[in-house]
Amino acid sequence: MPTSTDLLQGTLDLLILQTLALGPMHGWGVAQRIQQVSKDVLQIGQGSLYPALHRLEYKGWIRSDWGSSENNRRAKFYRLTAAGRKQLETELATWDRLSDAIALVLGRGAEASS
Amino acid sequence: MMTEFLTRLRFFIFRKKCGDLDDELQFHLEQLISAKEAAGLTAAEARRQALIEFGGLERTREQCAEQGPGWWIDTVLRDARYALRAFGRNPLFTVAVLATLTLAIGATTAVFSVMNAVLLRSLPVADPDRLVYLRTSNPPRGTGTIDSNQTFSYSVYDALRRQSRGLSPVMAYVPLSGSKVAVRYGEQPEEAEGDMVSGTFFSGLGVNLPRGRGFSEEDETKHAPIAVISYNYWTRRFAADPDVLGKTLYVSGVAMTIVGVTAEGFEGVEGGGSTDFWIPLQNRRELNAWGNPPEDGKLYIADSTWWCLRMIGRLAPSVTRAQAVAQLQPVFQTAAYVGLGSPMEGEKPPVLSLADAKSFPGYEQQFGNPLRMLMAMVGLVLLMALANVVLLLMARNAARQREFSVRQALGAGRGELLRQLLTESLILVTAGGALAWGFAEVATRLLGRWAEIESSLAPDRTVLLFSLGVLVFAGLLFGLAPLPVALAGGVEMALKTSAATSNTDAGKSRTARIIVALQMALCVVLLVGAGLLIHTLRNLENTPLGMRIDGLVVFGVKPNIPSIPEGVAFYQNLMNKLRVLPGVESVTIMEERIGSWWSNNSDMEVDGRLPEVANGASRTVRSNVAGPDFFRTLGVPVLAGRDFTDSDTAKSPHVGIINEQFAKRFLPNQNPLGHTIGPDNGQYTMTIVGVVKDHKYRSIDEEPIPMAWYMYAQIPMVGPMHVEMRVHGEPLAILPSARKAVQQLDPNLPLIRPMTQREQFDTTISQHVLFARLAGSFGLLAVLLVATGLYGTLAYRVNMRTAEIGVRMAVGARRPQVVWMILKDSLWLTTGGMALGIPLAMLVGRALTSSLYGVEPLDAFSYLLAVAGVAVVALAASALPAGRAASVDPMRALRTE
């Protein structure tokens, strides 16, 4: 089993919001998607996923509705709200700024690659 | 932010359904299993691995719940529901705790409220720290005073007011009467408390007048006929009528226009009472200071021998008290002799000093010690009560150890247990506090009424903070104290099966035993205190007054007296009218009402000179002015000579009457009849025509002292008098017809403070009565607390030791031995408590000395009573548990193992 990487505080929220930006999805779908896209580096267990989903929902960034899954099972689908979309933009901008800054400090900044 | 708040609010109102999360998780798990199956695992293996990977559900559930709005409230509510259920299961415990808290915290709050209002609260004026009372070391020779240290002549006031730079301004104030003054608003005459004051009084004190205005210096110089009424009087008498300004208030028949109402809370600077209205200093005979008749035709303003004004001043900016005194001293010492001639040789000149005026005057003197003592007593009761509740909680929580262990075993952290305990304590304290506050309100009012404190006792912020402080302390104490016991079981205990064996740790109850022993010590202290005070009260109540007190009724009249003959005629008329009323046996009048603390005190000349007295004994004589039939009406035996009669008139020779003490001290070994006596200024002499038996004059607890009586119709002044009537049957029933008789003579005259003479004398011990009653109830409360505390502790120990007792009996212990085992326990506690309590009680007894009458601080009877009381209570409280221990059936006790 690949070692799971501890996610930075708050990063999980960003990942979930980004994933849901593609369209409504159930919890399992969100976890699978993040795992696939990260090439199995990021594995989100239900113990972190659902509390995070609930937190985002209580903040009003995502909404949930019951619907049917691909194999016709009853599942809860989450989708981004307008507030969530705005939040995603802010968080992405913050993330960019932060990762650039870290990269600079670590000496792998823009100059190095240019 | 807004979005989040609205969303949370929506979810708070429309909760997520309980099963939703479980369905979601179930779906997730199934997906995981199908994923594993899709990867090629067998169904069973896929399920197994998925379940392992999936992990526990409970934590997720909890974490999701924690995200939700109102999670915190839910937790608290859950804790509260749990606590309430637990209290409900144990109603006796709950009622006991609440009752204890209500009584103890309520009583403490009430006593503190009174103490706060009376001793701690500042005068409701601007910057009270800069206010000072003026005091003098002594008045000059040849003067009469109201209080030898606190009152001054008008000429002193006038000089200080004009020449003071250290105090700005100097204000004088003086009551219009020793008690209440006749006023009329509308038709019905009534009475109220009023002061004459300087024009600078309100501005100098910095009293707010939200309605109308105060006085000006011009009002004082012109003796303007205007009045300011107190907020209290305004609401009480005038129903807070906003149109009262401009209305007329007749004071002793003189019309005064109401020009202002003071701010709420200002009730004057007179100690021990509340002033209803103020008028500027006047200069007319109806409104002389203290309601006295003019002496030698002089009013207080002109009479520099009468030191009757009180003074208060405000320190000028950046002047210290010492500087102010230094500046005023020469002015004062000159002014003191204005109109008196130069000081006699070797006479000690009066020295001016300044005293703190930030709190109410007189209260400290009157209530200071008793109140502090009561506060100490009630504080002890509070301590005992809190200790009792802790004992109860400890016993209860020890019994709940298994419950706590089970909860810990199920995953509750120490934090959660602590939260639970604090919640329980918070509920108890909140409920107890609310009940206590209600109880305190009532108790404060009762206390104020009993102590005859007229100023407002409404609880203020200090009282609120005090009670909250006590409650918070109690809350933390009740929450934290039982925690060690609750946790003592640990997780393991849940695994032990036997309730009996797991509860036998003896050490745990050591704390409880120490608390009980301390309680007993405090109980001894309280009982000794109560015993001493109740004994004092008995002594006072049984003190013979020297007169037939039953059947006497007394009231004051304050007629308008234009001249002395007319005054004498008025009283003669009045007495004649009253004597013929049905049911009246005899009627007389007196200047000072007996049993009201008032008396005229002076040195007296005997046969033309001041009498010799052995080794510097006092020459002070208490005198009174009396009417005909005075001693017959009072029922005081005349030992030699005669009583005053109607035939003693202004034209007949001046006659006086003395008491035994007077004869014994100033006319020893001779027949006093026929000697002449008179005041020390030599201006009036009278011949002794009677000697009466010693009796009480000012108060019940006074010592016998030389006394002399003037005949009212013969002396050169006549003023307000008190009428004493001896009647058949119920004394107060005569009042309506007496009132009619008075108002036939003058429709403006109310009966001033009518009451039975016994009631009047009882007012002089009302403080003792109050004090003894409260001490008694605190003692009783203490006994009750000790009884419940001891009973609870012993009963709990017996319960815990049931198995042990069973074993002992099974191996041959007899019942008396078992009973003894339990009694020995309480005997030790009692002995220990008493050993500690008796020396403590001796200290307290010493502190009480000044409040005792006819009782030694080491009164053996009180100590015996206290010790016996505690012993009996201890025995009674241990009898039940001992009995229960003796009735343990060894077979059953062992079988429950």
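Trainee: How many residues does the contact take from chain A and from chain B?
Mentor: In this predicted model, the contact takes 16 residues from chain A and 20 residues from chain B.

Trainee: Which elements of chain A give two or more residues to the side that touches chain B?
Mentor: Those are α2 (27-37), α3 (46-59) and β3 (74-80) of chain A. The largest share comes from α3(A), with eight residues.

Trainee: And how do the residues on that side of chain A divide into nonpolar, polar and charged?
Mentor: Six are nonpolar, six polar and four charged.

Trainee: What pattern does chain A follow along the sequence?
Mentor: The pattern reads α-β-α-α-β-β-α-α, with five helices and three strands. Buried residues make up 28% of the 114 residues in chain A.

Trainee: Switching to the largest nonpolar core: which residues touch the most other members?
Mentor: This core has 126 residues, and the ones touching the most other members are Ala172(B), Ala227(B), Phe277(B), Leu309(B), Met311(B), Tyr712(B) and Val723(B). Strand β3 (residues 167-175) of chain B gives the most to the core, six residues.

Trainee: Where does this core lie relative to domain 2 and domain 4 of chain B?
Mentor: It lies between them, because domain 2 (128-358) and domain 4 (559-748) of chain B both give residues to it.

Trainee: What is Ala172(B) in contact with, leaving aside neighbours within four places in sequence?
Mentor: Its contacts are Tyr157(B), Val197(B), Ser198(B), Leu281(B), Leu309(B), Arg310(B) and Met311(B).

Trainee: What other core lies apart from the largest one?
Mentor: One of 104 residues, including Leu382(B), Leu428(B), Phe778(B) and Met800(B).

Technical notes:
Residues numbered from 1 in each chain as written. Chains lettered and ligands numbered in written order. Predicted model: local features only at pLDDT ≥ 70, side-chain atom pairs only at ≥ 80, totals over all residues. Core = buried A, V, L, I, M, F, W, Y, C linked by C-beta atoms within 7 Å. Buried ≥ 20, exposed ≤ 12 C-beta atoms within 10 Å, placed from the backbone. Helix = DSSP H or I, 4+ residues; strand = E, 2+ residues; numbered from the N terminus. Domains from an automatic or database assignment. Contact = placed C-beta atoms within 7 Å. Nonpolar A, V, L, I, M, F, W, Y, C, P; charged D, E, K, R; others polar.
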